Amino acid sequence: MFEIDKKQFGNFLSAQRKARGLTQKELASKLFLSDKAVSKWERGLSLPDITLLMPLAELLDVSVTELLEGKLLEHAGEMDASQIEALVKKALAYPEKLPQQTEKQKKLRLTFGICVLSVLLEWIALICYTGRFSAPFQNLTLLLQLLGLSFGAHFFLRAKEQLPAYYDVYPIQSYHDGLFEMNLPGIRFTNRNWPQILRVCRIWCILDTTVIPVLCLCICFCFYANPILPYPWVWADLLVPGTVSFFSMAGLYVQIYRTGRRQN
């Protein structure tokens, strides 16, 4: 079994950091991380993400080979075939998903499950109130919930908490992950602003599937109950939901832009 010795890795990292005159906080800031992450690496409690190996090696002025081995190599260029094969297997076995992320992923799945349940309950309530199964599909606000759930499925279940290292090197203004794509001209995606952008998108998904539809439906019912207002269905089924939907989407993009620019 080819595994990285966390203790040896941590001791080597600590020694090379001190040799370069860097504090844990300074090294972490160059990697757009917290000093707590560097502290865990050096204590052998965890390992950095595989995408951080190259920038970390460059900051410490060592090779990725030396970083994986946890020691300085005098003749790294003269490794035989068996040593190279062992190193490659070790790199392939490198854990990309850290153990401490498991608990957070459970919470994210639970939150998304609550959002799905909320949408189902709201649809059932509207069907019972109107007596028509097609009622939810005639309300723009509840259709907006489908968009919120599709976004939520990505941001809660699939989105990575950390972008690949090349996002911090090159000015990339779009995010791609499978079928999902986000293009924001004027905003450079980096690991400095990505956690905050993720947080904004997740909060919006929660509000879009729970709070906003309830408020909108309450306003719509008020229009239906008003005997003076002409054509109440136009207000309740089109104007109010359409207005709420527009401001909901606009608010999401404005907040993403503000967050992205503030953290750049």
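**Figure 1. What covers the buried side of helix α4.** The cover over the buried residues of α4 includes α1, α2 (24-30), α3 and α5 (64-69). This is a predicted model. Helix α4 spans residues 53-60, and its buried residues are L53, L56, A57 and L60. They sit on the same side of α4, because they cover an arc of only 100 degrees around the axis. Which exposed residues does the face turned away from the buried side carry? That face of α4 carries M54 and E58. After α4 comes D61. The phi of D61 is positive, near 60 degrees.

**Figure 2. The whole chain at a glance.** The chain has 11 helices and 2 strands. Along the sequence, the pattern reads α-α-α-α-α-α-α-α-β-β-α-α-α. The chain holds 264 residues, and 39% of them are buried. Take the contacts in the chain with a separation of 6 or more: 62% of them are between residues 24 or more positions apart. The chain exposes about 15,200 Å². Carbon and sulfur atoms supply 63% of that area.

**Figure 3. The largest nonpolar core.** In soluble globular proteins, nonpolar side chains tend to be buried together. Here the largest nonpolar core has 30 residues. Which residues have the most contacts inside it? They are F151, F155, Y175, M182, F189, W194 and I256. Several elements each supply at least two residues of this core: α7, α8, β2 (180-183), α9 and α11 (232-263). Helix α9 gives the most, with 7 residues.

Figure 4. Set aside the neighbours of F151 within four places in sequence. F151 is then in contact with F180, W204, C205 and L252. Another core lies apart from the largest one. This other core has 19 residues, among them L22, V38, L53 and L68. One of these, L53, is also among the buried residues of helix α4.

Figure 5. How many salt bridges does the structure hold? There are 3. One of them joins the side chains of E42 and R17, with 2.5 Å from N to O. E42 is in helix α3 (residues 35-42), and R17 is in helix α1 (residues 6-19).

Figure 6. E161 forms a salt bridge with K104. Their closest N and O atoms are 3.0 Å apart. E161 lies in the loop between α8 (140-157) and β1 (174-177), and K104 lies in helix α7 (residues 101-130), so the pair ties together parts that are 57 residues apart in sequence. The side chain of E161 also meets that of R202 in a salt bridge, at 2.7 Å from N to O. R202 is in helix α9 (residues 194-209), 41 residues apart from E161. Through shared partners, salt bridges join K104, E161 and R202 into one network. E161 counts as partly exposed, because its relative accessibility is 29%. K104 also counts as partly exposed, at 41% relative accessibility.

How values were computed
Residues are numbered from 1 along each chain as its sequence is written. This is a predicted model: local features need pLDDT of at least 70, side-chain atom pairs count only at pLDDT 80 or more; totals for chains, interfaces and linings use all residues. Side-chain values use heavy atoms; hydrogens and water are left out. A salt bridge is a side-chain nitrogen of Lys or Arg within 4 Å of a carboxyl oxygen of Asp or Glu. Helices (H or I, at least four residues) and strands (E, at least two) are DSSP runs, numbered from the N terminus. Buried means under 20% relative accessible area, exposed over 50%, partly exposed in between (1.4 Å probe, protein chains only). Contact means heavy atoms within 4.5 Å. Accessible areas come from the Shrake-Rupley method with a 1.4 Å probe; for residues, only the protein chains shown count as cover. A nonpolar core is a set of buried Ala, Val, Leu, Ile, Met, Phe, Trp, Tyr and Cys residues joined through side-chain atoms within 4.5 Å. The arc is that of the directions from the helix axis to the C-beta atoms.
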